[in-house]
Amino acid sequence: MAKRKSSRPHKRTSHIFLSPRLKAQLRQGHPWVYRDAVERAPAGLPSGAWVRVQSANQQAVGLWDASGAIAVRIFSATTIPDAAWVKARVREAWERRAFLRSPESATTAYRWLYGESDGLPGIVVDLYGDEEDRRWAVIKSYSASLERVRKWVTDALASFTSLTGVVDRSGEGWAMLAGAPPPNEIIIRENGLRFAVDILHGQKTGFFLDQRDNRATVGRWSPGKRVLNLFSYTGGFSVYAARAGASQVVSVDSAPAAMTAARRNFHLNDLDPTGHEFIVADAFEQLEKYHGEGRRFDLIIVDPPSFARTKSQLPQAIKAYRRLNALAMRCLAPNGLLAASSCTAQVSPERFRALLADAAADAKRRFIIQHEAGQPPDHPVAAHFPEARYLKFLLGQVTERA
Ligand code: SAH
């Protein structure tokens with residue numbers, strides 16, 4: 001009996017027609033197509049279907065999402081991805097981070113795959129190695145439509161390094177995709193320092209890997225200083241400051257578990273927590289209190305959580321950053337240092353600088369930026385996807401107005 005055509009694995013790929021205004025971004029390789037840019041699509045197309053998109057004379061291949069703001073995630077200019085294609089992207093991302101695996105970097109935890117910037121939109125993988133030479137990969141994927149791609153990524157990971165387990169932290173909890181789960185605490189190394197990480201329950205995928213280089217910067221500016229680390233989480237900046245010879249480090253976070261972990265991280269780096277302070281409090285209230293008491297610091301780190309997830313929250317967020325940093329500036333000794341960070345992609349670096357100038361004026365000060373940074377090289381920003389740049393970090397002196 002002749003084989004029926006429909007039983008063949010290659011179904012016809014659907015075609016989607018986009019507004020011609022997307023032509024230039026499609027040509028550059030921008031990975032997002034918002035739903036309002038879709039002019040024509042077949043009815044009832046299921047999430048996770050590969051589609052060929054067209055804007056004017058420009059074409060590309062992407063993954064359809066039936067719900068959500070992003071209708072298509074673009075993967076390739078020409079090719080419908082398969083397992084081998086995905087593995088090639090994972091390999092490129094692996095090689096892009098080779099410098100982090102040199103012994104001199106003394107770092108065992110980093111972002112292996114940063115979604116759009118590494119050519120796999122909507123999927124992030126962090127790698128955590130511990131002192132017993134065990135390694136866990138932690139995956140976050142940002143839409144159910146990515147399921148098949150996520151599976152190919154999971155399969156590819158183990159061919160580049162031996163993995164003890166692969167954890168999925170896409171949803172609320174966690175699930176194992178392969179191997180054995182990590183214990184509640186593993187010890188990673190970052191720039192030679194030791195940190196306890198809870199991969200299954202910690203914030204993000206367990207550790208704020210994106211502040212690695214900025215923590216090292218703070219270390220360099222800390223010797224002899226009275227340091228206040230606001231929104232300290234597990235004491236990342238605090239450990240760098242104390243190890244570099246800060247005279248005192250005060251860590252503040254509203255989460256009690258973060259403070260317990262911060263003390264633990266001091267111990268892990270042979271630092272005596274006595275003489276330092278670990279305070280569970282609201283950072284705004286704590287600053288008001290210090291200001292009222294006349295207590296001053298030589299270096300204050302301000303690294304709050306994102307204050308704006310969407311554009312509509314932006315005005316509120318800018319107000320909060322401004323108030324917070326003005327308060328911090330008032331608690332600095334004359335010519336003290338402010339290290340101000342923002343992880344809100346909605347706030348551009350220009351906007352952040354401008355709001356800090358306003359904050360300084362509110363505090364009757366001036367902010368002289370001496371160091372400006374963003375994300376470390378394991379969080380790359382593709383030139384055609386500027387949205388990947390979210391982290392701002394500015395450090396400099398806060399002076400009296402002349
Ligand atoms: N600087 C940290 C990461 C900070 S993440 C690092 O390098 O690892 C932001 C932290 O702010 C979280 O730990 C959260 O618990 C804390 N937080 C959120 N709102 C807060 C508030 N109002 N006051 C104090 N801490 C707060």
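Predicted model: local features only at pLDDT ≥ 70, side-chain atom pairs only at ≥ 80, totals over all residues.

Visitor: Left-handed or right-handed crossing for H8 and H9?
Guide: H8 and H9 cross in a right-handed way.

Visitor: And H2 with H3, at roughly what angle do they cross?
Guide: Roughly 60 degrees for helix H2 (residues 83–96) and helix H3 (residues 147–157), whose axes come within 9 Å. H2 and H3 are therefore oblique to each other, and their crossing is right-handed.

Visitor: Switching to the ligand: how many residues surround it?
Guide: There are 15 residues around the ligand, and the closest are Arg215, Asp253, Asp282, Ala283 and Asp303.

Visitor: How does that shell divide into nonpolar, polar and charged?
Guide: The shell has eight nonpolar residues, three polar ones and four charged ones.

Visitor: Which backbone atoms sit by the ligand's nitrogen atoms?
Guide: Ala283 has a polar backbone atom 2.9 Å from a nitrogen atom of the ligand. For Ser254, a backbone N or O atom lies 3.1 Å from a ligand nitrogen atom.

Visitor: Nice. Which side chain has a polar atom by an oxygen atom of the ligand?
Guide: That would be Gln203, with a polar side-chain atom 3.1 Å from a ligand oxygen atom.

Visitor: How much of the ligand's accessible area does the protein cover?
Guide: On its own the ligand has 590 Å² of accessible area, and the protein covers 88% of it.

Visitor: One more topic. Where does Asp272 lie?
Guide: Asp272 is in the loop between helix H6 (256–268) and strand S16 (277–280).

Visitor: What does its side chain make a polar contact with?
Guide: The side chain of Asp272 has a polar contact with the side chain of Thr274, at 2.7 Å.

Visitor: And how far apart are Asp272 and Ala242, in sequence and in space?
Guide: Asp272 and Ala242 are 30 residues apart in sequence, while their C-alpha atoms are 9.5 Å apart in space.

Notes:
Residues numbered from 1 in each chain as written. Heavy atoms only, no water. Near = heavy atom within 4 Å. Polar contact = N/O pair within 3.5 Å; in protein donor to acceptor, adjacent residues only side chain to side chain. Areas by Shrake-Rupley, 256 points an atom, 1.4 Å probe, with all protein chains shown as cover. Nonpolar A, V, L, I, M, F, W, Y, C, P; charged D, E, K, R; others polar. Axes fitted to C-alpha atoms, helices over the stretch in contact; angles between N-to-C directions. Helix = DSSP H or I, 4+ residues; strand = E, 2+ residues; numbered from the N terminus. Parallel < 35°, antiparallel > 145°, perpendicular 65-115°, else oblique. Left-handed = near helix turned anticlockwise from the far one by under 90°.
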